[in-house]
Amino acid sequence: MKRPGKAFLVARSKSALYVLVQGLGSMHTAPTLEAFAEAEIEAGARQLVLDLRECTGVDSTFMGLLLTLANKLRALENGSPGGCVLINVDDHALKQLSSVGVDAFVSIKPGETELPENLRLTELAVTEASERDRMKLMVRAHKELVAADARNRAKFGAFLEGILAELGE
């Protein structure tokens, strides 16, 4: 099945990882971001800056991944906030992030923000994960959302149970 072919544009500068999200941040693009960000964090990145200026929307799996990455960076920095920064967030995306409580765990910079001039962004093409791997990411992301805000249990509880049953877990 053909998925959206949009990519991420990425760059690393010292301990900061920059990601320009193009198109929809979804369960189909999240595995690519997760693999890339995890490798960069392992290699020493301690701040993740996501630029949403070209993002057309985010689904709950993508938001749960952002929360997972923010929590991982916070743990690596002994609880210091600011490990995950979102810039150029439009009103619709802000409403989505707030609706599941992600805004309490990431820094959202208001207004328009330019990336540093000296960054050389390169394309990180979205690669399709296996259905099982994508479903496992969906479970992790939604468990993170439920742990972050108890109100999310009502939103995602049945969904989580269904995916877990489908995975046989």
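This is a predicted model: local features need pLDDT of at least 70, side-chain atom pairs count only at pLDDT 80 or more; totals for chains, interfaces and linings use all residues.
1. The crossing of helix 2 past helix 4 is left-handed.

2. Helix 2 contributes Ser60, Thr61, Met63, Gly64, Leu65, Leu67, Thr68 and Asn71 to this contact, and helix 4 contributes Leu137, Met138, Ala141, His142, Glu144, Leu145 and Ala148. By class, the residues of the contact of helix 2 with helix 4 are eight nonpolar, six polar and one charged.

3. Helix 1 (residues 30-42) comprises 13 residues and spans 18 Å from its first C-alpha to its last, close to the expected 18 Å. Gly44 follows helix 1 and has a positive phi, near 115 degrees.

4. The buried residues of helix 1 are Ala30, Pro31, Thr32, Leu33, Glu34, Phe36, Ala37, Glu40 and Ile41. Their cover includes strand 1 (7-13), strand 2 (16-25), strand 3 (47-58), strand 6 (122-125), helix 2 and helix 4.

5. The axes of helix 1 and helix 2 cross at roughly 10 degrees and come within 10 Å; helix 1 is therefore roughly parallel to helix 2. From helix 1, Ala30, Leu33, Glu34, Ala37, Glu38 and Ile41 meet Thr61, Phe62, Leu65, Leu66, Leu69, Lys72, Leu73 and Leu76 of helix 2. This contact of helix 1 with helix 2 holds 10 nonpolar, one polar and three charged residues.

Technical notes: Residues are numbered from 1 along each chain as its sequence is written. Side-chain values use heavy atoms; hydrogens and water are left out. A crossing is left-handed if the near helix is turned anticlockwise from the far one by less than a right angle, and right-handed if clockwise. Helices (H or I, at least four residues) and strands (E, at least two) are DSSP runs, numbered from the N terminus. Contact means heavy atoms within 4.5 Å. Ala, Val, Leu, Ile, Met, Phe, Trp, Tyr, Cys and Pro count as nonpolar, Asp, Glu, Lys and Arg as charged, and the others, Gly among them, as polar. The expected span of a helix is 1.5 Å times one less than its number of residues. Buried means under 20% relative accessible area, exposed over 50%, partly exposed in between (1.4 Å probe, protein chains only). Axes are lines fitted to C-alpha atoms, for helices over the stretch in contact, and angles run from 0 to 180 degrees between N-to-C directions. Angles under 35 degrees count as roughly parallel, over 145 as roughly antiparallel, 65 to 115 as roughly perpendicular and the rest as oblique.
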